[in-house]
Amino acid sequence: MVGAEADLIRLCERAGLGDTQRALLEAVLAASDPQAVLTQHVTSVPTAVAAVARAQSALESRGRPDRSKLQPYTGPTLDLVSDAREALEELRPHIPAGPLDGAVDALKNIEARGRPGLNSAADCAAQAHLLAGWVTQVCTAVADGFAEAWQGAGHQDARERLALEMAALCVIEGRQHQLLNDDVRTELSRGNRDADSIKKALLPVERDLRVAVVVEGTSRLESLTGLMGPAAAAAGIAPGAPVVGWGRATADFKALADLAEAACAARRAWSGDQASGYTLLAFTVRARDLGAAALLGRRQASEALDQYVAGQRLAEIRLRPETLAHDPHSGRGLKVAVPVLGSGPVRPLTTNWPATLRESLRTAHVARVTEAPTTAAGLCWAALEALDVKSQDTGILGRALSLQAFRQQVIDLQQRTRTAAAAAVSATRTAHRAAQRAADQLEAAASSAKRDHAAKLAEKAAQARASELQRHAALKRALETESHHAVVDAWTGIGNDGKLRDPDRWLDVITSPADADPALRAAADALAAVNDRIGGDTAKRLRNWRTRLSDLDSLADWIEETAARFEKNLDWLYALRNTALHDGRFTSATDLLDVHGGRALVDLTLEFLGNWYRHEGAAAPEQSGLTAREVIAHLADRQQALIAEMKSGKPTPWNVTRLTSPTPIGSGRA
C-alpha cells in the first residue's frame with residue numbers, strides 16, 4: 001500500500017496537481033475501493049445518484065403488471081422517493097443551477113399523490129419510465145459538477161460531496177477498482193490534468209467489448225443466438241483450429257479452452273460418474289472497462305443459462321469461475337476469476353459463537369459466495385433476519401452499528417495516517433534520488449564535453465543541481481514527518497508489524513488536552529506536525545476527526561447521522577429482500593453498490609457480535625447469555641446513553657476497545 005500511494009503522490013506532483021485536486025482524486029479512489037471499511041466506502045453515504053436510481057427501481061418493480069402483490073410495499077416505496085428528493089436537494093447547491101430541478105419536481109409529484117398514487121401497477125410503471133430519464137440527467141449533472149469542482153469551483157463541502165457522488169457512479173457502472181486506478185495513473189503520467197481527461201479516466205465511454213466464459217455440463221447450447229443475439233457463439237475448440245475475432249487475446253482464449261479441458265479431465269479422473277461436457281461461450285457486451293465487461297458478461301451468460309433449466313431435470317449447467325474480456329479497439333485483454341480468493345491465514349472472530357447464531361453465519365457465508373448481486377443482497381437481509389432482526393428494528397440495529405462504525409473509523413484512521421506518512425517519505429526520497437541521478441549524469445557529461453557543448457551542459461547541470469538541492473530540502477522535511485510519526489508510534493505502542501493493539505492510546509493522541517502528561521503532549525504535537533505535512537485526502541480526514549473529537553456535540557451528531565444512514569441502508573436492504581427473494585427480481589440499477597453495502601452491513605453486525613461474545617466471560621451477570629437481538633438492543637441503548645452524556649457536556653473517557661463488548665465503558669475505562 002505504501003508503494004502504491006507513494007507512486008500516486010509522485011504522479012500527482014509530476015502532473016502539476018495541487019493538494020486540493022490530489023485530495024479530490026484520492027477521495028474518489030478511496031470511496032470506491034472495495035477493500036475500504038464500510039464507513040469509508042461510498043455505499044454508506046446517501047448519494048443522490050444512488051437514491052434516485054433506487055427510487056426508480058422500486059417504482060419499476062411495482063410497475064410489473066403480472067404480480068398480484070406489488071413489491072416493495074407502498075410505505076417503503078414512498079420513503080425511497082422522499083430519500084431521493086432529499087438527497088437531490090442536498091446536492092443541488094453544489095452543482096450549477098437547473099439540471100436537478102426536473103428530477104426534484106417529478107419526485108415531489110409522486111410524494112404529493114401519496115399511497116393512492118402507487119396502488120396501480122400501470123401508474124407505477126409510468127412514474128418509473130418518467131424517472132428513468134431524470135436518473136440519466138442526474139448522473140450527467142454529477143459528472144459535470146465534478147469537472148467544475150476539479151477546476152476549483154465550490155467550497156470544500158461541495159468537493160467532498162461531488163467526490164462521493166462520482167465514486168458512487170464508478171461503482172454503479174461496474175468500474176473495476178484496479179483498472180480505475182490504472183486509468184487515472186495513465187492520464188497523470190501523460191501530464192493530463194484537465195477536467196475532461198480526469199473525468200474520462202474515471203468514467204470512460206461505454207464501448208463494445210468481447211467476453212468469453214466456460215459453460216460446464218453441456219457440449220452444446222442450442223438456440224443460443226435467439227437468447228443472446230447473433231454475436232453470441234458457443235463451441236469447443238479443436239486442437240490447432242483457428243480462432244477468429246480475439247486479436248492479441250487469441251492465446252488467452254485458447255488457454256481458457258485448455259483450462260476447461262484440463263478441469264473436465266481432472267474431474268473425470270477423480271470421479272468416474274462426472275460428465276465430460278463443456279463449451280466456450282463468447283459474446284459482446286457494452287461496458288466502460290474490461291472488468292465491468294467481465295462482470296456484466298457473466299451475469300448475461302448466467303441469465304441465458306436460466307432459460308435452459310426447464311426440461312433439464314438431471315443435468316446441471318453452470319459457469320466456471322474463469323472469464324476472459326477483450327477490447328477489440330485497444331487489443332487489451334483481462335483474465336479474471338470469480339470470486340477473488342484470499343491467501344493468508346484466517347481465524348474466526350470468536351470460537352464462542354452461540355449456537356443460535358449459526359443460521360446467520362451460514363446465510364452470511366452463502367450471501368458472500370453468491371455471484372448474482374441482487375440475490376446476494378437479499379440474502380444479506382436474510383442473514384440479519386436470522387438474528388431475529390425485523391423490518392421495524394432497523395433503527396435499533398443502526399444505532400448499535402454506529403458504535404462499531406466509530407470504533408472502525410478510529411482504527412482505520414490510524415492505519416491510513418501511518419500509510420500516508422510512510423508514502424510521503426517514500427515519494428520524496430524517490431524524487432530526490434531521481435534528481436540527484438540526473439544532476440550527477442549532467443555534471444559528468446559536462447566535465448567530459450568540449451567548448452560550446454560543455455558550456456551548455458554545464459548550464460543544464462547547474463539547473464539540475466539546483467533542483468536536486470530543492471529536492472534534498474523537501475526530503476529533510478519529509479524525514480521530519482517520519483521522526484514525528486515515530487513519536488506517535490512510541491506512544492501508541494505500534495510494533496514493527498504496524499498493528500494497533502490499543503486503540504485507546506491512539507484516541508488519546510487525537511484528543512489530548514493541553515494539560516496532558518509530557519509524553520502524551522509530545523505525541524499529540526507530533527501528530528499535528530504529521531497532519532501538516534502529509535497532504536491529500538488522509539490529511540483532510542485526520543483534520544476533520546481531530547476537530548470532531550475535540551467537540552462532543554459534533555461527535556454526537558456524527559454518531560447520530562451515521563445511525564440514521566445505516567437505518568436507511570437497512571430499510572433498502574429489506575426492500576431488496578422482498579423484490580429479490582419474494583418477487584424474483586434479479587437486477588436493479590444499483591445492484592453492485594447494494595451487494596457491497598449489504599455484505600458490509602452483515603460483516604459489521606457480526607463483527608460487533610463477535611466482539612461481544614468474545615468477552616462474554618468477563619461480563620456482569622445481567623449481560624451474560626444475551627441473544628443476538630438482546631445484544632443489539634443493549635448496544636442501541638448504550639449509544640443513546642453515550643450521546644446523552646456528550647450533549648450534556650460531560651467528558652466521556654472513551655474506551656474504543658470495549659465500546660461494543662459487555663465490559664464496562666465510559667467512566668469504567670481502565
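Start by selecting helix α18 (residues 518–534) and helix α19 (residues 536–549), whose axes come within 8 Å and cross at roughly 145°. Axes here are lines fitted to C-alpha atoms, for helices over the stretch in contact, with angles from 0 to 180 degrees between N-to-C directions. Helices (H or I, at least four residues) and strands (E, at least two) are DSSP runs, numbered from the N terminus. This is a predicted model, where local features need pLDDT of at least 70, side-chain atom pairs count only at pLDDT 80 or more, and totals for chains, interfaces and linings use all residues. Residues are numbered from 1 along each chain as its sequence is written, and side-chain values use heavy atoms, leaving out hydrogens and water.

Now show the side chains. On α18, pick Leu 527, Ala 528, Asn 531 and Ile 534; they meet Gly 536, Thr 538, Ala 539, Leu 542, Arg 543 and Arg 546 of α19 (contact means heavy atoms within 4.5 Å).

Next, go to Pro 72, in the loop between α3 (48–62) and α4 (74–91). A cis peptide bond links Gln 71 to Pro 72, with omega about -10°. Most peptide bonds are trans, and most residues other than glycine have a negative phi.

Then select Ser 223, in the loop between β1 (207–216) and α10 (224–228). Ser 223 is not a glycine, yet its phi is positive, about 60°.

Finish at Asp 388, in the loop between α14 (373–385) and α15 (394–448). Asp 388 is another non-glycine residue with a positive phi, about 75°.
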